[in-house]
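Please look over the sequence and the model before reading on.

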Amino acid sequence: MKKSLSSLLKKITIAELNQKTIKKVIHPLKDILIQNEVAVVTADKICESVSDKLLNVEYKRMSSPKSLILEALRSSLLEILQPEETINLLSLVEEYRKKKQPLVIAFFGINGVGKTLSIAKLGYYLKKNDISSVFAASDTFRAGSIQQLEQHAKKVGVKIISQTYGSDAAAVAFDAVSHASAKGIDVVLIDTAGRMETNKNLMAELQKLDRVVEPDLKIFVGDALTGNSLVSQAELFNSKIGIDASIINKMDADVKGGATISVVHATRKPILFIGVGQKYNDLKPFIPEQIIKNVLPDKI
Ligand SMILES: Nc1nc2c(ncn2[C@@H]2O[C@H](COP(=O)(O)OP(=O)(O)O)[C@@H](O)[C@H]2O)c(=O)[nH]1
Ligand SMILES: [Mg+2]
């Protein structure tokens with residue numbers, strides 16, 4: 001996206017910003033956004049916002065149209081990437097500690113997006129911050145998933161609550177919450193089986209888990225490399241169970257950068273963390289300015 005935007009800005013020859021000249025910029029801008037996996041509705045929103053800002057008197061007073069366009073784009077992206085609510089995980093844990101209740105976090109998303117690894121990373125992050133956690137192996141569906149979480153639990157040094165394959169995911173999660181309450185463990189991290197809309201039974205199982213344990217935070221986990229379907233996945237989980245935040249993984253391998261912007265726009269929920277690799281410390285806070293730095297040219 002950075003390259004295409006840079007060459008678009010370089011090609012701009014307009015001397016003055018008005019309705020007509022702005023339109024000439026907005027059309028190719030929209031194409032570039034969409035080619036880089038920004039959802040159409042999000043691209044429309046960005047273009048509308050850029051266009052409004054450029055028509056604004058304040059902007060017109062400044063000098064070069066190119067830098068005005070870049071600035072308008074930068075602030076439009078920033079507006080989209082900063083949803084109204086934010087979540088400070090560490091202070092949330094503190095709140096629950098005071099209430100003497102475990103903070104219950106459940107993770108949802110399709111197969112292979114990094115749910116299980118995110119739980120391991122989060123357990124590691126919490127431990128580094130002197131916060132205890134327990135993993136709930138509620139992916140009782142996919143072969144190998146319980147062992148996978150067990151191995152992570154061992155490496156991170158966190159207890160895991162599990163049953164056998166095919167057992168009730170909600171019951172496993174409920175056990176983990178009871179365990180945490182009894183032992184004074186701060187956080188419960190619930191792994192779940194990946195599912196698509198077509199897996200009606202698995203989605204119903206997830207809704208049951210939601211009813212039984214009533215997680216305090218429901219996290220949508222997505223893969224930045226999924227491209228355009230990332231938004232429809234986020235919308236699906238949001239409509240079926242309601243999500244509070246997202247974790248977007250594999251940002252280390254994403255070159256286009258548009259999907260993340262669209263997820264924030266579509267869900268209006270904060271991105272809690274981004275995954276930037278396969279190591280336990282490859283979980284980073286989501287910083288809108290950094291995302292923008294990755295997709296926009298620094299100057300023209
Ligand atoms: N490069 C990279 N790989 C990741 C990241 N997060 C997860 N993975 C890999 O993606 C694959 C699927 O992860 P897993 O946690 O099993 O996904 P799940 O099916 O959603 O539980 C594994 O090979 C992970 O190591 C990330 O942020 N960056
Ligand atoms: Mg998994």
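Predicted model: local features only at pLDDT ≥ 70, side-chain atom pairs only at ≥ 80, totals over all residues.

**Inside the cavity**

By class, the residues that line the largest cavity are seven nonpolar, no polar and no charged. Rolling a probe the size of a water molecule over the atoms shows where empty space is left. In this structure the search gives one cavity of 30 Å³ or more, and the volume of the largest cavity is about 30 Å³.

Which residues line the largest cavity? They are Leu5, Leu8, Leu9, Val25, Leu29, Ile69 and Leu73. H1 supplies the largest share, three residues.

The next step is the layout of the chain. The domain assignment divides the protein chain into domain 1 (2–81) and domain 2 (89–286). Between the C-alpha centres of domain 1 and domain 2 the distance is 36 Å.

How many residues of domain 1 are in contact with domain 2? On the side of domain 1 there are 13 residues, and these are in contact with 13 residues of domain 2. The size of an interface is often given as the accessible area lost when the parts come together. For domain 1 and domain 2 the buried area is about 1,100 Å², with 59% of it on carbon and sulfur atoms. Of the area that domain 1 buries against domain 2, 52% comes from Glu37, Ile80 and Leu81, more than from any other three residues.

Charged pairs come last. Side chains of opposite charge can pair when their charged atoms come close. Over the whole structure there are twelve salt bridges, but the count between domain 1 and domain 2 is zero. One salt bridge joins the side chains of glutamate 71 and arginine 74, at 3.2 Å from N to O. Both glutamate 71 and arginine 74 belong to helix H5, where they are three residues apart, about one turn of the helix.

Definitions and conventions
Residues numbered from 1 in each chain as written. Chains lettered and ligands numbered in written order. Heavy atoms only, no water. 1 Å grid on protein atoms, 1.4 Å probe; cavity = no way out; pocket = protein on both sides within 12 Å on 5 of 7 lines; lining within 4 Å. Points joined across faces, edges and corners; volume = space filled by probe spheres on them. Helix = DSSP H or I, 4+ residues; strand = E, 2+ residues; numbered from the N terminus. Nonpolar A, V, L, I, M, F, W, Y, C, P; charged D, E, K, R; others polar. Domains from an automatic or database assignment. Contact = heavy atoms within 4.5 Å. Buried area = accessible area lost by both parts, 1.4 Å probe. Salt bridge = Lys/Arg side-chain N within 4 Å of Asp/Glu carboxyl O.
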